[in-house]
Amino acid sequence: MATIHVDGQSYQVNGAHNLLQACLSLGLDIPYFCWHPAMGSVGACRQCAVRQYKDKNDDKGMLVMSCMAPAADQTRIDIEDEEAKAFRASVVEWLMINHPHDCPVCEEGGHCHLQDMTVMTGHDRRRYRFGKRTRRNQFLGPFIGHEMNRCITCYRCVRFYNDYAGGSDLGTFGSKDNVYFGRYQEGTLESPFAGNLTEVCPTGVFTDQSHSDHYARKWDMQFAPGICHQCSMGCNISPGERYGDIRRIENRYHGEVNSYFLCDRGRFGYGYVNRSDRPRLPERREGPDSEPVSIGVADVLAQASDALRHARRVIGIGSPRASLESNHQLQALVGESNFSTGIEAREQACLELMIQLQRHAGLPTPTPRGIENHDAVFVLGEDPVQSAGRLGLNLRQAALSRCKALGGTIGIPEWNAEALKTLAQDRYYPLFIAWPAPTDLDDVAEARYAMDPDGIARLGFAVAHAIDPAAPAVEGLASAEDQAARRIASALMAAEQPLVVSGGSLVSEAVLEAAGSVARALSRRAKKGGLVLIRREANSTGLSLLGGQPLDWALGELARGNADAVVVLENDLYQRLPAGRVDAALSRAEIRIVLDHQRTATAERANFLLSAASFAESGGTLVNLEGRAQRFFQVYDPGYMRPETRIHESWRWLYVLGATLRGETAGDINLDTVVHACAGAHPALAGMVDAAPDSNYRIDGQKLAREPHRYSGRTSMRANQNVSEPRVPQDPDSAFAHSMEGYSGYQQPRQQVPFAWAPGWNSPQAWNKFTDEVGGHVRGGDPGACLIHPVPGQGSYSQPVQGAGDTDTLRALILPRLFGGEETSARATPIQQRTELPCITLSPEDALGLAVKHGNVVTVNEVTRLPVYEQESWPNGWAGLPAGLIAGLLPGESLTLRKVEEGQR
Amino acid sequence: MMADTPQTTVLIGSDVFDLDPADEAAIVDEMAHYEHPRAACIEALKIVQRRYGWVPDGAIAAVARVLGIGPGEVEGVATFYSLIFRQPVGRHVVLVCDSSACFLTGFQELRQALVAQLGIDYGQTTADGRFTLLPVCCLGACDGAPALMIDGDTYGPVSPGDLPGLLEDYR
Amino acid sequence: MSHSIARQRDSVRYRSRLMQPEAERRPDTHPLTWRLRDDGGVVWLEEYLRKDGYQSVRKALAESDPQAIISTMKDANVGGRGGGGFSAGLKWSLTLQGGDIPRGYLICNADEMEPGTFKDRLLMEQQPHLVIEGMILAALANNSFYGYIFLRGEYVTAARVLSRALDEARAGGWLGRDIDGSSFDFDIALHTGAGRYICGEETALINSLEGKRANPRAKPPFPGQSGAWGKPSVVNNVETLCNAPGVILNGAEWYQGLSGDRTDDGGSKLYGISGLVENPGLWELPMGTTGAEILDRAGGMRNGRQLKAWLPGGASTGFLLPQHLELALDFDTVGKEGSRLGTGLMTMVTQEQSMVALVRNLEEFFARESCGWCTPCRDGLPWTVRVLRALALGQGEIGDIELLEKLAADCGPAQTFCAHAPGAAMPLQTALRHFRSEFAQGISEPRIKAEEG
Ligand SMILES: Cc1cc2nc3c(=O)[nH]c(=O)nc-3n(C[C@H](O)[C@H](O)[C@H](O)COP(=O)(O)O)c2cc1C
Ligand code: SF4
Ligand code: FES
């Protein structure tokens, strides 16, 4: 803590901050551009000038850049000093010299840091009478638009893209007043975090292309606190809606999960919500080959419940991409003994093991943000950027943060970004990755070990043994493996806070057990550290806490005729198990009720299809990979703009279906009720109640506004349908109002913030008004409640497993992929455009054995044709296939490959 | 153990430009002079430029690969320095000093004479591909102002009358 | 190729030269140049050794007391000759050494690009071993394990000479492992640049050396704490380093005495003059020599022209007037007149030359050479150029002079990221101060003010 004096007032601030950070944290406004809370200071824009005095007796002082001056004890500054104000006005005037002043047609307008700062400095008149410079823009791929004329040369884009996110294709070109930020040649931006440029850029140079396609101003969109459904990270998002469509996804600040950044799958993968082919009305299909027909809600409920009433036994198949509430409601409908999680058995075993390890392996699970404080990392069997997007960025920061420690030794403060980078050069905290293919973190990794799943498990067990001799040794370790294990072990032991990362990508319990053993060994050696376990889907963790039989069981019961009805919740079973098995089961079930918001292969088989709400139209709870239960809220009422539709939350459908089935009139149900019911039914989920305030929450007696208070056009929005304006939808499920009426301020601490706005702060930089200090925690508390806690003093080492040994055939190794590897986002056009051409990865030796070469085409299992990618050091006996490409293909399954001769293509 | 990912290969495609093996070897040699291979970036671009007269587009990614850094960074360097040419230039580059001492001692006349004689202005190349004309900052020949530099040779003081004979030598 | 043309080409070839004859230059008074030959040939190793070369290194290595070198340099108070004037000894005393601190780099700033400056070139082209000797001393004092000569790309002759001299020194055992049997290791590589004035700014130079864009770095940390590749690094100008051998060999007192009672700053200086003078050139003279004496040595203004103004040490220094010719050219005295000694090479402006045009030329230089990192320099300087161009064309508007003043003031020290923009501001500010009426003549139209409110 330090005392600083600003404009004659004394304040207590964090002395490790710079003055800009400190003042912003106090709620004082100083304009700035090049500084960013996550990226530190570089002092380039000169916008944040204040007058600093040496001491009490100095009445002259001098201008300093507040971002480059430490908030040392007894610092005296004036923000309101006339000369400082004049200088700041000059800076904006210079920045605007070549700016096109195209706010009316600029997508950043109303949401623009440059606008905000221009207003803040009072620059409102143009003196510069000479010509402006113009420049060409680049095509940067399906995600990001480029308008270089708007650039004010703050260097934030390259600093984020290259320094923070490890990209290499974006650069700074030219010099003097002709600095250009772009790709070294036109083409798609390669970084999977490129979307953050739209928020990092303080003006409209890098804009969200998916938003451009159906643009709406920030003040004309309706928002709710959302949770990204595209992986198990649980990033907080702020989806914006207009006219019944999601228009864009923006980051919603969370101090422990995603802070300021998202991955591009989360940001650009929302298109499935807007698809015109979505089921928007319930449907009934008479026979397997007949076309489905839309029917009314009352009819579908009556007919479906009638059918269920006559069924011998109803199986419910839940889903790890649906909310806890919907899964719970399904379980309530069919009974616990008839409920399946909808997850394939081996994956489910891995998920259960992960929870067990989080509880018993001895090391706690850090928050994603907390990952960045770890000073040695061992990743076993994961490619985190591909399998958990945003998490990869956290791991990168962990490796990069060595610069802070190095800087500490010669007194460079943590915010002095360029100086730290210079000092550290390529020195990172040790990061070891055991993964067969190159990963997006290799550039900061000390080593990557290209091994197959068994090899990775053996390496992990060997590391555990090297750390703690009490851990069982691995038999027959090759000397290279042994050396690797020792090297990793000593790096982990040398660290203050080592981190073990693993997950379900390889669907290998052995790999997970090995990761658990490393964690256990570290904890037995009294190491503080952490264990992070990556799951595949948004609610995989939640489903494994909720419990239920694996999907294989459900299909078996149906196929064997032990049940004749099935209710499938938001789950495409064909993605999970081979089509033959799913077909066999579904064709024996007489009644097939499917709830989904997408037309999946499973939905095609439904005789009743209930039009379910997506995340954007529903509320519910997900549990992320930490075990954090997080609530998402309905962004818009789908019936408001499209009154003819009948889209409802799955939990609501299931609740009413249950009531109808029992012959009761369905009473009131709202989100709070299901949350409590779910929490009450499952002790492991009891804490989910605290994930967010309930629907009675009010600030100053008001609900919270979903719309910024300049929201326009509401009274005419539906005029094409009906001139009499319906009242805005009433929301019984949450504390949010579907209108601009309600609380939207920042003064009262609150945890759930649909959109960030504060007077004078229209851009995403407004998040700083909602945090306890810039880059800190949401003042009302970072959202969510943790459901998984370590249990002390339990657990013991598991035995290293011997590999299954060599088989004659190639086995499938499914490589997670950020774009195209997840079923819902893969339905979004920009994601499809960004998805790389698939290939099959083989070791050169196996390729030789198959008489194929790099670039040859092979058929996999007689159906899928793929080009061969030969990769050095890829493990023999395995064929790498991109996730989501071959539906129902299970990891480890044997494959038949056949070369396609030139002529046959 | 670290090879190219299939992803990047598909994305970037194969670059048509291959560095001349001798140039690549020279760049690798240069890398040894510094703590980090990146430091050889400017020299690497000069090596390429020595062969082609300029740095062709494809060379950016090729140099990046040899140095093990991103192509964005290499292009950033290539476009920063005034003696690295990212556009084709003539066989001979005439750098005219336009800084203060030359400015005060006849630079304008010299420049006009050059423009008249070559028929090109700054940044242009003669139709026969012989000369490119560029300004340069103080050549450190102020006691011989006005000065100019053709390829590696510095001349000064140069009067407009000296030009025909001087240029004649650069075919 | 006809013989006559070849001769014509040779006749205009530029050659760096010192104006003082050998007879006038003595070891005890001209430590920088006494070894130079009248024929302008290179003093190679053999001749250099004959003329007491590397004696200071031998002495320093034998004594093996880096702190003593630093304190002698501090006492001698050798002000940086790159333009800043910061005491080399003081700089060296701040370099991190000892403990866990790795050995760092010693970098010779041979980027000489300051308009009006042509001194380092002479030292490198004709006496490369003095540069190397100075670097070895500095390396010893700063515990540097490796050195770079950062040479501007256009200095082709210097590059050729230096690389041969480095080979010679290496072969002679003055560079490499175990120099002169002292167990001190140090070697030097020649790094040639690719243009851009900003590379001369020491931290931009380090970035450029690392193969990056030549943006300067924020200070602190200073290069002595975290320089090239994050290691403690020292950057000194060629001439500064060339002073070190004399100081170490003959002591601080001797060095101080070289300037007599002209100034408090000791030593000698390579002074020079260019512009329309009879004999532009370069001399080694005692520190504190007056401008008048140098102009006199140059034979006065060419063809009897009248002096209007002059820059004492390069484009980034402030304009002085004819009456300032009597002042001692040292760091303090020139500083008091609102200018800077800079590199100490004067640029003379005659009465008929237009200040508006000259300042426009200077600002265009600084705007073009801006690295583009910070806003005032990147976007403010081009504005000054546009206004100056308008004034030169008689298209100025009322308020333009005040605008230029504000722009210059906004480019002051600490307001911009490095000293480049303040360097641009100084000639602009001083020209406006001394020659305001010349600028006012360029105003033709009253500025049409936008309606208020
Ligand atoms: C824009 C700019 C250009 C510079 N150019 C040079 C240069 O070409 N040569 C030089 O020695 N110093 C130059 N300097 C000064 C250096 O930054 C630095 O002060 C000097 O190299 C230190 O050495 P010295 O103390 O021995 O003078 C320049 C400074 C600035 C701000
Ligand atoms: S003043 Fe700023 S823009 Fe100019 S050269 Fe220095 S850092 Fe670059
Ligand atoms: S925010 Fe401080 S200089 Fe840019």
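Colleague: How many helices and strands does the secondary structure of chain C come to?
Modeller: This is a predicted model. In it, the secondary structure of chain C comes to 17 helices and ten strands.

Colleague: Why is chain C as compact as a globular protein of its length?
Modeller: The C-alpha trace of chain C spans about 80 × 55 × 55 Å along its principal axes. For 453 residues the globule rule gives 22 Å, so chain C counts as being as compact as a globular protein of that length, its radius of gyration being close to that at 23 Å.

Colleague: Which residues of chain A make up domain 3?
Modeller: Chain A is divided into four parts, among them domain 2, which is made of 297-346, 542-712 and 726-769. Domain 3 of chain A is 361-534.

Colleague: What area do domain 2 of chain A and domain 3 of chain A bury between them?
Modeller: Their centres, taken over C-alpha atoms, are 36 Å apart. Five residues of domain 2 of chain A are in contact with nine residues of domain 3 of chain A. Of the area buried between these two domains, 64% is on carbon and sulfur atoms, and the total is about 530 Å².

Colleague: Which three residues supply 90% of the area that domain 2 of chain A buries against domain 3 of chain A?
Modeller: No other three residues of domain 2 supply more of that area. They are A:Arg346, A:Leu625 and A:Glu626.

Notes: Residues numbered from 1 in each chain as written. Chains lettered and ligands numbered in written order. Predicted model: local features only at pLDDT ≥ 70, side-chain atom pairs only at ≥ 80, totals over all residues. Heavy atoms only, no water. Domains from an automatic or database assignment. Contact = heavy atoms within 4.5 Å. Buried area = accessible area lost by both parts, 1.4 Å probe. Helix = DSSP H or I, 4+ residues; strand = E, 2+ residues; numbered from the N terminus. Rg over C-alpha atoms; globule rule 2.2 N^0.38 Å.
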